[in-house]
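Here are some notes to read alongside the structure. Have it open and look for each residue as you go.

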Amino acid sequence: MKSNLGSIDRLVRILAAVAIAVLYFTHAISGTTAVILIVIGLVLLLTALINFCPLYYLLGIRTRKKSIQS
């Protein structure tokens with residue numbers, strides 16, 4: 001499994017997950033909406049931490065710059 005997330009993409013995913021958590025813990029979201037957003041936030045956080053997005057892989061998207069090999 002090769003990493004396919006760039007640093008900005010990872011940062012945006014982490015910030016989105018944190019924003020969802022803040023909304024949840026301040027009771028700005030609740031019910032079904034909260035459950036759906038928490039699941040999305042967990043997926044975003046997990047993909048940012050492992051530096052791999054399965055959806056990007058399936059779609060052929062890569063936000064990580066290719067490393068230069070000599």
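1. Ground rules. This is a predicted model, where local features need pLDDT of at least 70, side-chain atom pairs count only at pLDDT 80 or more, and totals for chains, interfaces and linings use all residues. Residues are numbered from 1 along each chain as its sequence is written, and side-chain values use heavy atoms, with hydrogens and water left out.

2. The salt bridge. How many salt bridges does the structure hold? The count is 1, where a salt bridge means a side-chain nitrogen of Lys or Arg within 4 Å of a carboxyl oxygen of Asp or Glu. Asp9 pairs up with Arg13, and their closest N and O atoms are 3.2 Å apart. Both residues sit in helix 1, 4 residues apart, or about one turn of the helix. (Helices are DSSP runs of H or I with at least four residues, numbered from the N terminus.) Asp9 and Arg13 are both buried; buried means under 20% relative accessible area, exposed means over 50%, and partly exposed is in between, using a 1.4 Å probe and protein chains only.

3. A nonpolar patch. Look on the surface for Met1, Leu45, Leu46, Leu49 and Ile50, which together have about 540 Å² of accessible area. Patches take residues with over 30% relative accessible area and no salt bridge, joining nonpolar side chains (Val, Leu, Ile, Met, Phe, Trp, Tyr) within 5 Å and like charges within 9 Å. The areas come from the Shrake-Rupley method with a 1.4 Å probe, and for residues only the protein chains shown count as cover.

4. Two positive phi values. His27 is in the loop between helix 1 (7-25) and helix 2, and its phi is near 60 degrees, a positive value in a residue other than glycine. Asn51, also not a glycine, has a positive phi of about 65 degrees, and you'll find Asn51 in the loop between helix 2 and helix 3.

5. Check Gly60, in the segment after helix 3 (54-59). Gly60 is 56 residues from Asn4 in sequence, yet their C-alpha atoms are 9.4 Å apart in space. Gly60 is also exposed, with a relative accessible area of 64%.
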